[in-house]
Amino acid sequence: MSDKKFLVTIVLATIILLGNIYINIYIIKDVLVDHAKKQDRSSYGVSSYTVGPATTGKKGSIRNKQQDTTLNQDDHTAASTVLASYSTFNQSTIHSSKHPKVNQGDFPNEVYVNEEYRIIFFPVAKVACTEWLRFFLRLNNSPLWCTSGYQNGIHSAKRQGIKFITDYTLEEQTDMMTSQDWTRAIFVREPKKRIFSAFLDKTHNKDWSNNFCPHYASLGGNQSECIERRYDFDFFVRKLIDKLSADPHWMPCYDYIDEKWWPYMTFISTMENVRHDAQILLKSVKSSVDGVSAWDRIGRDGWGGDFKKMGCNDAGVRNNTVAFLEARPEGHKTDADNLNKEKKHYTRELEMIIEERYAKDLHNPYYHFPQRKIINNEEDDSE
């Protein structure tokens, strides 16, 4: 009996030891995964990366596991660095049987859908949204992509040439937002630059007096003050965008998507890298009809010149060798990235207001902006 007891004791001790080893392995793995995530976010700066069912690399490299569209060195000079931590986390998310469901209001602004290329695109105001609108109109073979004949410009024509996610049932939207067959993409922008761009753009066109100021007054603001102080950045930050907080031009990028859907986004990049990373994204999505990428189809040429004067026919496009976003229309160049220009309008207090109001953008775990101070403590706010 003593031998049997001894044998049982040895077996039990071995089981306990193996169990402890197993638990420790998982603890170590979780620590390493968490460390890898932090290293990724701290080292990438404003460079983009992908999340969701795609693996991720520097500068927005994307490899969709369903389409197997890995970019080689000829496509992208920067080597792709696969981050196992994001891949592991998001594979478990995508394969989970407990997916969230799309509810009314999950996507408060327009979301473009192209079924042939299985892409869902979330345009963000002041993040090249007009150029992306033109791209998706052209991708849908709509002649409206280079039109200027509408009273309110290209944006008033989009309903005639684009499908939106709201064109589908909530059940269909849920399937599209959780399926590995779809690419879900968004470009975001550092909030101080984005708000400054909105100020330079909107205060210098007729929408200010005809739209923004009347709306501001309807919510209790002083319309006369709004008109008189249209070029006052202090008024813009402290009063106007505070009352008109739901306006898409300055709504936080984070709020464009309900928070439960951020883990399901498969491509996230920034305005700072939009030209470069747009090419990466568009090379990764391919037609379900003939396998041609969106970049090769319409992205690589046909985008130069003035859209009001350019030839929109096939000959005009073929003779135009400028790639998508290589030359942006003059009307959308606000020079908001000019630091000296920012310093003429920002004060440290205004900067702090933006940092607080757009904390969700600055601290979103799915993309990272480096800390940036326009006004240093040593500088005089009056400069």
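Hi everyone, let's start at cysteine 213, which is buried, with a relative accessible area of 0%; buried here means under 20% relative accessible area with a 1.4 Å probe, protein chains only. Before going on: this is a predicted model, where local features need pLDDT of at least 70, side-chain atom pairs count only at pLDDT 80 or more, and totals for chains, interfaces and linings use all residues. Residues are numbered from 1 along each chain as its sequence is written, and side-chain values use heavy atoms, with hydrogens and water left out.

So, which residue does cysteine 213 form a disulfide with? Its partner is cysteine 226, and the sulfur atoms are 2.1 Å apart; the cut-off for a disulfide is a pair of cysteine sulfur atoms within 2.5 Å. Cysteine 213 sits in helix H6 (residues 207-218) and cysteine 226 in helix H7 (residues 223-228), so the link ties together parts that are 13 residues apart in sequence. Helices are DSSP runs of H or I with at least four residues, strands are runs of E with at least two, and both are numbered from the N terminus. The S-S bond shows -80°, a left-handed link. Cysteine 226 is buried too, at 0% relative accessible area.

Now to strand E6, residues 183-188: 6 of its 6 residues are buried, so the rest of the structure largely encloses this strand. Thr183, Ala185 and Phe187 cover one side, with Arg184, Ile186 and Val188 on the other. Strand E4 (residues 119-122) runs parallel to E6, joined by 4 bridges; pairing takes at least two DSSP bridges between two strands. Isoleucine 119 has threonine 183 as its bridge partner. Thanks, everyone!

Conventions:
Buried < 20%, exposed > 50% of the residue type's maximum accessible area, 1.4 Å probe, protein only.
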